[in-house]
Amino acid sequence: MNALNPHLPVLIDEIYAALEPMPGKTIIDATFGAGGYSKELLKAGANVIAFDRDPTTLTRARCFASKFENFTFVQDCFAQMTAHVTSPVDGIVFDIGVSSMQLDRPERGFSFMNDGPLDMRMSQAGMSAADFLNSADEEEIANVIYTYGEEHASRAIARAIVAARPLHTTKQLADVVRKTLGRSPKEKKDPATRTFQALRIFINQELEELENGLMAAESLLKPKGVLAVVSFHSLEDRIVKHFLRESSQAEAQQSRHLPQTPAHGVCTFMKPLKPIKPSTLEVITNQRARSATLRVGIRTQAQRLKVK
Ligand SMILES: C[S@@+](CC[C@H](N)C(=O)[O-])C[C@H]1O[C@@H](n2cnc3c(N)ncnc32)[C@H](O)[C@@H]1O
């Protein structure tokens, strides 16, 4: 967060309406970041348990803890939620991806707009983007760029990366991609966008985290508890959409002529509500909201019988 580019929480009014925070409710903020969601939930009197895997969020979390007694912070991945929270909760919100603070700091290595070390790790664990790009074989690099960036020129980019190794900085990588792809006058986005997205998702295992986080959320929500997920690109949104659809399918198929069987096993969520997009006004005032989608699911009382 900086003065020129303050972090504005995305779809906050819609999140608030979905979660209905109030005294007595306990809500998990799975992605604390700058605490934009946590702050509104706490102001409404809810108890908040917040998670973030990034150790740089600790300072802000400590500041929240000194102001709000009903705030707890856990520095861990949200997929580990059930290891830290044992009682059922009323709501869980995810705001997936990187924060503006992470993008704005060149030393974190997420951005092709500034030069910095080629890192891209949200926490200090695991290998950096440079470790991966300087050691993996060409095919492996191409597969990552294609799978997580949906980049059709992934093979040409991987070939150019291998030829330019070793790479140490974000600028070196961005220049290799830009040189390989050239710039079409029609394309508004920087040609390096998809490659950077792919590497960030791969390095942080973001899609696996999301899948496991949704399963953890399902097991922690009370009946009628609310799951709210904000995602920013199709790969994430697809996972959330399929999860809610699959988890509610038995509900949709159940006949109203048959006796209702509580906890019959598979429909752990009610039929999903329509996805929510930000208003035009929000998109004008907050660039980051541009590609956001909010999906909301309401927990039933059924328990999942088989582990997927
Ligand atoms: C988009 S920001 C959240 C912003 C927040 N809603 C706000 O209003 O300030 C996403 C945050 O989630 C964290 N994060 C991403 N993946 C995570 C994971 N698997 N477990 C825990 N935190 C994660 C990132 O470190 C980042 O701080």
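## Overall build

Of the 308 residues of the protein, 49% count as buried, where buried means under 20% relative accessible area, exposed over 50% and partly exposed in between (1.4 Å probe, protein chains only). This is a predicted model, in which local features need pLDDT of at least 70 and side-chain atom pairs count only at pLDDT 80 or more, while totals for chains, interfaces and linings use all residues. Residues are numbered from 1 along each chain as its sequence is written, and side-chain values use heavy atoms, with hydrogens and water left out.

The secondary structure comes to 13 helices and 6 strands; these are DSSP runs numbered from the N terminus, with helices (H or I) of at least four residues and strands (E) of at least two. Along its principal axes, the C-alpha trace spans about 65 × 45 × 40 Å. Among contacts (heavy atoms within 4.5 Å) between residues at least 6 apart in sequence, 65% join residues at least 24 apart.

## Nonpolar cores

Let's turn to the interior. A nonpolar core here is a set of buried Ala, Val, Leu, Ile, Met, Phe, Trp, Tyr and Cys residues joined through side-chain atoms within 4.5 Å. The largest one has 57 residues, of which M81, I92, F94, L173 and L227 touch the most other members. Helix α11 (residues 206-220) gives the most to this core, with 6 residues.

Not counting residues up to four places away in sequence, I92 touches L19, I28, M81, A217, L220, L221, V226, L227 and A228. A second, separate core of 28 residues includes V48, A61, V226 and A228.

## A look at V229

V229 is found in strand β5 (residues 221-231) and is buried, with a relative accessible area of 1%. Leaving aside neighbours within four places in sequence, V229 is in contact with F94, I96, L214, V240, T293, L294 and R295. The C-alpha atoms of V229 and K241 are separated by 9.9 Å, with the two residues 12 apart along the chain.

## Around the ligand

Polar contacts are pairs of N or O atoms within 3.5 Å. A ligand nitrogen atom is 2.7 Å from an N or O atom in the side chain of D95, and a polar side-chain atom of E209 lies 2.7 Å from a nitrogen atom of the ligand. The protein covers 99% of the 610 Å² of accessible area that the ligand has on its own, as given by the Shrake-Rupley method with a 1.4 Å probe.

Definitions and conventions
A polar contact is a pair of N or O atoms within 3.5 Å; within protein, one must be able to donate a hydrogen and the other to accept it, and residues adjacent in sequence count only if both atoms are side-chain atoms.
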